[in-house]
Amino acid sequence: MTAVAFDRVSVTLEDARVVEHVDLAVEDGEWLGLIGPNGAGKTTLLRAVAGMVAYDGSVRLWGEEVGALPRRQIARRIALVPQVPLMPDEMTVLEYALLGRTPHLSYAAKVGEADLDAARNALGRLELTGFAQRRLGSLSGGERQRAVLARAIAQDASLLLLDEPTSALDVGAQQQVLELVSSLRAQSGLTVLSAMHDLTLAGQYADRLVLVDRGRHVASGTPAEVLTEELVARHYGASVRVLNGETGVAVVPLRRSRPADVED
Amino acid sequence: MPVRWAAAALAFLLLATLLGLGLGPVGLGAGRVARDVLSHVPFLHISSPLNGTEDAILWQLRAPRVVLGLLVGAMLASAGAAYQGVFRNPLADPYLLGAAAGAGLGATLVIAYGAADDLRPVAAFAGATVGVGAAYALGRSVGGRSTAALVLAGVTVASFLTAIQTFVQQRHADSVQEVYAWILGQLDTSGWTEVLIAVPYVAFSAGVLLLHRRLLDVLAVGDEEASSLGVPVARVRFLVVAAATLGTAAAVALSGLIGFVGIIVPHAVRLLVGTSYRVVLPLSLVFGAGFLVLADLIARTVISPAELPIGVVTAFFGAPFFAVVLRTTRTVGP
């Protein structure tokens, strides 16, 4: 079944058309990577899926129009990991993961044992069990990102939206976080839609890529089909080498030429 | 909530209440007061150790005052905690946000123009709403979400409303005394009337705030993310601000301007139990109630037989405490 279906979706923000007639589909259980240069509209597309921005056209979640779903119903199906999550320094990791239970609790309901279990379980799956009582302000970048993912897992949604999940991390933490996402997906059949700048990581982890530029869907397919030297040059204005490995595609930026007048 | 903290809060409340009832110009003794209270419980068959005059002092003078202190303290402390949560600002407080100054203006207008006393809470609420609304709008327009901008806007609005309030007060010389005594903050009651007026406002406001304590934790991650977690952010913010403002207004209408309770109590509670509003809000309510009764005890005994305004006592302890909070607040600044 199709998890997310965009049909001629356009978004206008403050008189600027940031998304223009985009069609795309994310299949159930798939990891689809959105790539594109800065300002291409990747984040806006994610926000449209989450019902957080008004759009023209149609965005359907497992057949239901996002704009017609109540906020809490959307939150039970979609967990959004924002690019820069607001993480209160003094909050403990367990309290933070517990916030993921919000869509499952009615307005004035208390947190119950089942919610605590779900939050602890989420911490366990992200290898954060020992961090339950640590304050968010004391975590490293990779630990923080795992805490955000734990909140998303506690939310028990079927679709995970990742907006630049690794842009603030070092290369080791980047791999650790994406491997965890990958294993969570394998364990529970999560569907993942991610927006990523790092083309190599996108090419290694996503099943399929959609390239957007200036609000338009310009290419899609397997990483090898989308990440070509020619497409990257055209849409990013970048000079790159594309390497095909066993686990996917790697994109290596290379300087066009060395200036002649620089001495070594 | 950790059971031991709930027990500690209730023990503190009980102790403060017994001290408040027992101490004063006529010492009744906390132990004798406790026995007297138990003597009113049916089927216990405990005889009261108090004579007729002492009994009248206890039930007609002290008890209403202590109960009003409990109500006002509970309200100011829980409203402070709620404002801090909803504005994501550790420095928010009914006084710094202009709520109290607005309520003061509303109540002064009622006193000065000789309207019915029943109107005082309503006028105070209208004034408080104007105060908070103006402070929030001004803060947003100059500093976005910066904590300092909201507080500075609150101080600005409060100064302006206080200026109008002083103007009205001076124009009506006949009621200056009454307004002035009231402004400085006092829990001076004449029997149970004020207490009975306060109960419905405080019960309603505190009830609404307690109902939202879990959602206040969700608001801590920002409007956008709270919304992505399914929370109707605008509705929650509106209800919490309205309830906190209504409660503050009722407290101000009855007891005048008693500052810093909404800062001291929630911050002290956070130091003990962490930051989750699921725990901070109910504990602030209970500790706030006991705290204000103790502050009132100091106010009426330290220069006995004269009384200090209770607002002077809370400011004396609260201002240095606020300075400490200000120094340790990491999120200040644009």
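What share of the 334 residues in chain B is buried? In this predicted model, buried residues make up 54% of chain B.

Chain B is built from helices. It holds 14 helices and zero strands. Read along the sequence, its pattern is α-α-α-α-α-α-α-α-α-α-α-α-α-α. The radius of gyration of chain B is 20 Å, close to the 20 Å that the globule rule gives for 334 residues, so the chain is as compact as a globular protein of that length. Along its principal axes, the C-alpha trace of chain B spans about 60 × 55 × 35 Å.

One helix pair in chain B can be described in detail. Two packed helices are described by the angle between their axes and the distance between the axes. Helix 3 of chain B covers residues 52-86, and helix 13 of chain B covers residues 277-301. Their axes come within 7 Å. The crossing angle is roughly 140°. Helix 3 of chain B passes helix 13 of chain B in a right-handed crossing. The contact between these two helices has 17 nonpolar residues, together with six polar and two charged ones.

A loop residue of chain B also deserves mention. B:Gly29 lies in the loop between helix 1 (3-22) and helix 2 (30-39) of chain B. This glycine has 16 other C-beta atoms within 10 Å, so B:Gly29 is partly exposed. B:Gly29 and B:Leu19 are 10 residues apart in sequence. In space, the C-alpha atoms of B:Gly29 and B:Leu19 are 7.9 Å apart.

Chain B also meets chain A. The contact takes 20 residues from chain B and 21 residues from chain A. On the side of chain B that touches chain A, the elements giving two or more residues are helix 9 (213-219) and helix 10 (223-228) of chain B. Helix 10 of chain B supplies the largest share of that side, with four residues. By class, the side of chain B that touches chain A divides into seven nonpolar, seven polar and six charged residues.

Chain A contains strands. Four of them form an open sheet in the order 2-1-4-5, with antiparallel pairing. The edge strands are strand 2 (16-27) and strand 5 (64-65) of chain A, and each pairs on one side only. Strand 4 of chain A, residues 56-61, pairs with strand 5 of chain A in the antiparallel sense over two bridges. A:Arg60 has A:Glu65, in strand 5 of chain A, as its bridge partner.

Four bridges join strand 3 of chain A to strand 8 of chain A (residues 191-195), and the two run parallel. Within strand 8 of chain A, A:Ala195 stands opposite A:Leu34. Four bridges also join strand 3 of chain A to strand 9 of chain A (residues 208-213), again in parallel. In strand 9 of chain A, A:Leu209 is the bridge partner of A:Gly33.

A:Glu14 is placed in the loop between strand 1 (2-13) and strand 2 of chain A. A:Glu14 counts as exposed because it has 5 C-beta neighbours inside 10 Å. A:Asp156 sits in the loop between helix 5 (141-154) and strand 7 (159-163) of chain A. With 17 C-beta neighbours inside 10 Å, A:Asp156 counts as partly exposed.

Methods. Residues are numbered from 1 along each chain as its sequence is written. Chains are lettered from A and ligands numbered from 1 in the order in which they are written. This is a predicted model: local features need pLDDT of at least 70, side-chain atom pairs count only at pLDDT 80 or more; totals for chains, interfaces and linings use all residues. Two strands pair if DSSP finds at least two bridges between them. Two residues are in contact if their C-beta atoms, placed from the backbone, lie within 7 Å. Ala, Val, Leu, Ile, Met, Phe, Trp, Tyr, Cys and Pro count as nonpolar, Asp, Glu, Lys and Arg as charged, and the others, Gly among them, as polar. Axes are lines fitted to C-alpha atoms, for helices over the stretch in contact, and angles run from 0 to 180 degrees between N-to-C directions. A crossing is left-handed if the near helix is turned anticlockwise from the far one by less than a right angle, and right-handed if clockwise. The radius of gyration is taken over C-alpha atoms; the globule rule is 2.2 Å times the number of residues to the power 0.38. A residue is buried if 20 or more other C-beta atoms lie within 10 Å of its own, exposed if 12 or fewer, and partly exposed in between; C-beta atoms are placed from the backbone.
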